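We'll go stop by stop.

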Amino acid sequence: MAAEISGPDLFSVVVLLGAGVVAVPLFKRLGLGSVLGYLAAGIIIGPFGLKFFSDPQTILHVAELGVVMFLFLIGLEMQPSRLWGLRKSIFGLGALQVGLCGLLLTGVGIGTGFPVAQSFVAGAGFVLTSTAIVMQLLQERGEIATPQGQRMVSILLFEDLTIVPLLALVAFLAPMGSSQGGLQWINVAIGIGAIAGLVVAGKYLLNPLFGFLAQSRAREVMTAAALLVVLGSALIMQVSGLSMAMGAFLAGVLLSESTFRHQLEADIEPFRGILLGLFFLAVGMSLDLGVVAANWKMVLFYVVAFKLVKGAGIFAVARLLRSSNREALERAVLMAQGGEFAFVLYAAATAVGILDGEANAILTAIIIFSMVLTPLFIVALRFLVPKEKQDLEEVDIADGLTGNVLIIGFGRFGQISCQPLLIRGVDISIIDNDVEMIQAASQFGFKVYYGDGTRLDILHAAGAGRAQTVLICVDKAETILTIANLIKAEFPMVQIYARAFDRGNTIELIKLGVDFQMRETFESALIFGENTLIGLGVDPQEAADITADVRRRDAERLDLQLAGGIRAGADLMKGNAPVPGPLVRPRQRGRALSDETASVLPSVQSADAN
């Protein structure tokens with residue numbers, strides 16, 4: 001009996017995990033992203049596909065915890081000072097986008113013959129962009145910390161905040177006969193009180209709590225406490241009528257300056273990844289293909305109309321606030337979709353009589369299709385719209401430079417490398433292909449020209465053929481080798497001094513014939529280790545001698561590697577692995593088996609004893 005009861009549950013877990021494991025790598029290999037892979041897998045295994053599941057809403061409610069944990073991790077990266085710095089984007093850009101898109105989408109509903117209340121609810125639900133999808137895509141592209149990514153995060157935060165007044169407006173717009181109609185100000189007060197209480201608890205209780213638990217040195221207790229904080233914050237917000245994700249985000253922000261921040265991040269990350277994938281699977285399963293088939297023309301029309309109208313509103317706001325065409329277009333494509341909070345809003349509207357069951361199902365299908373199409377639109381944007389060229393206003397392009405030394409790349413390494421040359425009065429020319437860095441360098445008294453060192457025409461224009469020495473100071477191994485090859489082939493008499501990324505890069509540069517190479521972290525790491533010895537009480541001269549010995553060993557090992565490959569000379573490195581000894585002591589002493597051996601054995605044993 002127990003096997004019969006537990007069997008189907010285990011089978012469901014295996015199906016869910018299997019669907020994600022198969023679909024996500026396949027879709028990522030095709031360049032479509034993990035989100036679309038999860039959504040497609042959910043449709044296939046759901047009630048309108050292979051029918052492995054009949055009630056995806058149950059899974060969806062559990063999987064929403066993935067979004068909650070994702071927002072907690074984002075909050076950990078948002079120190080209060082940083083969040084305060086985004087206040088203009090959150091309440092300015094966010095409010096402007098939500099307000100304009102809300103009006104436009106409501107107008108679409110009214111213009112196609114629906115009542116004002118239904119049009120407002122449908123449009124307001126579509127305004128609430130999917131936080132899970134946008135944040136996942138930004139993370140995959142490594143753009144969360146960029147200025148463009150931060151602006152989108154700010155808009156998402158404002159949209160999460162608007163769920164409270166939107167739910168209040170739904171209650172206010174309810175038909176007169178509904179017992180749940182009318183604006184319930186007490187609920188708004190409860191929500192504000194919950195936020196204030198969470199802020200106070202986070203400021204005065206969370207750090208002492210984790211400090212006390214850390215003293216127990218029980219890793220599982222710290223993990224349980226991290227989950228308790230995330231889920232407890234989400235529960236408080238949910239009970240108060242607010243967004244669970246907002247509660248988790250606030251908890252993350254309050255812990256962002258805690259000494260336990262990295263520990264919390266490591267504890268929550270595995271749960272976040274699994275549950276967020278489960279959320280996307282459940283969204284795919286929630287798509288009611290029966291309703292879509294019966295109303296496919298309406299669904300198709302409103303998916304296209306809502307996405308186009310919302311995208312146009314987002315683009316207009318971005319351009320109004322002086323974002324570039326490319327950034328405005330990317331933001332429009334990424335955010336022109338409905339989100340998971342629309343399901344909450346539509347359910348509330350159905351409960352008070354604004355929507356009926358069929359309208360709720362149709363609007364839910366529209367939201368899901370808009371979410372499914374977003375990764376496809378991003379792929380299309382990548383192929384159809386080329387990236388904008390960098391704005392080169394107030395930046396001089398390398399042309400006819402005559403410096404005795406040409407420096408390619410002006411990051412941290414190049415900035416330090418040029419100092420001895422400038423102090424000695426050497427005539428140098430500097431090129432880089434990062435406009436923001438060039439503009440920043442000009443504020444500190446440097447003249448840096450725009451130029452890509454991997455292009456031969458730029459090297460000619462930058463004076464590589466006239467220079468005595470070229471310093472390659474870029475930070476990517478393949479770029480370093482590309483530039484070194486070009487200079488060696490085109491300007492064989494020019495000295496090449498190259499920054500090396502690692503040991504393998506160093507070996508390739510030596511084989512190429514550069515005049516000097518230096519691993520970017522080698523000398524600083526040696527000095528770091530030498531000063532550590534001094535700090536431990538070792539005599540400074542002895543520490544210097546040890547460092548010199550390490551330098552000698554490294555040079556000798558590098559020579560062996562040039563001849564015998566990367567694994568040669570390993571014995572010159574000092575490792576910390578224990579030296580193996582005999583497993584058991586011999587039961588009896590060795591004895592000679594011949595007269596010749598007997599004559600040698602006493603002298604060997606005597607030497608061993610000494």
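## First stop: Ile314

Select Ile314 and show its surroundings: setting aside neighbours within four places in sequence, Ile314 is in contact with Gln97, Cys101, Arg331, Ala332, Met335 and Ala336 (contact meaning heavy atoms within 4.5 Å). Ile314 sits in helix H14; helices here are DSSP runs of H or I with at least four residues, strands are E runs of at least two, and both are numbered from the N terminus. Is Ile314 buried or exposed? Its relative accessible area is 0%, so Ile314 is buried (buried is under 20% relative accessible area, exposed over 50%, partly exposed in between, with a 1.4 Å probe and protein chains only). Now draw a C-alpha to C-alpha line from Ile314 to Gln97: 6.1 Å in space, against 217 residues in sequence.

A word on what you're looking at: this is a predicted model, where local features need pLDDT of at least 70, side-chain atom pairs count only at pLDDT 80 or more, and totals for chains, interfaces and linings use all residues. Residues are numbered from 1 along each chain as its sequence is written, and side-chain values use heavy atoms, with hydrogens and water left out.

## Zoom out

Show the whole chain. Its secondary structure comes to 25 helices and 6 strands. Of its 610 residues, 44% count as buried. Among the contacts in the chain with a separation of 6 or more, 73% are between residues 24 or more positions apart.

## The cores

Next, select Phe72, Leu138, Phe280, Leu281, Phe306, Leu334 and Ile366. Within the largest nonpolar core, which has 102 residues, these touch the most other members. (A nonpolar core is a set of buried Ala, Val, Leu, Ile, Met, Phe, Trp, Tyr and Cys residues joined through side-chain atoms within 4.5 Å.) Which helix gives the most to this core? Colour H17, residues 357–384: this helix supplies 10 residues.

Centre on Phe280. Beyond its neighbours within four places in sequence, Phe280 is in contact with Val35, Tyr38, Leu39, Ala132 and Ile133. Another core lies apart from the largest one; this other core has 25 residues, including Ile408, Val470, Ile480 and Ile496.

Two packed helices are described by the angle between their axes and the distance between the axes.

**H16 and H17.** Select residues 341–351 for H16 and keep H17 on screen. Their axes come within 10 Å and cross at roughly 170° (axes are lines fitted to C-alpha atoms, for helices over the stretch in contact, and angles run from 0 to 180 degrees between N-to-C directions). That makes H16 roughly antiparallel to H17, a label for angles over 145 degrees. Show side chains: Ala342, Phe343, Tyr346, Ala347 and Thr350 of H16 meet Asn360, Leu363, Thr364, Ile367, Ile368 and Met371 of H17. By class, this contact of H16 with H17 has 8 nonpolar, 3 polar and no charged residues. (Ala, Val, Leu, Ile, Met, Phe, Trp, Tyr, Cys and Pro count as nonpolar, Asp, Glu, Lys and Arg as charged, and the others, Gly among them, as polar.)

**H6 and H14.** Now take H6 (residues 116–127) with H14 (residues 296–320): the axes come within 11 Å and cross at roughly 65°. On the H6 side you'll find Ala122, Phe126 and Val127, and on the H14 side Phe306, Lys307 and Lys310. The contact of H6 with H14 divides into 4 nonpolar, no polar and 2 charged residues.

**H23 and H24.** Select 522–535 for H23 and 540–564 for H24; their axes come within 9 Å and cross at roughly 150°. That makes H23 roughly antiparallel to H24. From H23, Phe522, Glu523, Leu526, Glu530, Leu533 and Ile534 meet residues of H24 that include Pro540, Ala543, Val550, Arg551 and Asp554. This contact of H23 with H24 has 9 nonpolar, 1 polar and 4 charged residues.

## Last picks

- Asn295, in the loop between H13 (289–294) and H14, is buried at 17% relative accessible area and is in contact with Glu358 and Ile362, leaving aside neighbours within four places in sequence.
- Asp288, in the loop between H12 (261–285) and H13, is partly exposed at 26%. Its C-alpha atom is 9.5 Å from that of Gly46, 242 residues apart along the chain.
- Val153, in helix H8 (residues 147–173), is buried at 3%.

Definitions and conventions: Angles under 35 degrees count as roughly parallel, over 145 as roughly antiparallel, 65 to 115 as roughly perpendicular and the rest as oblique.
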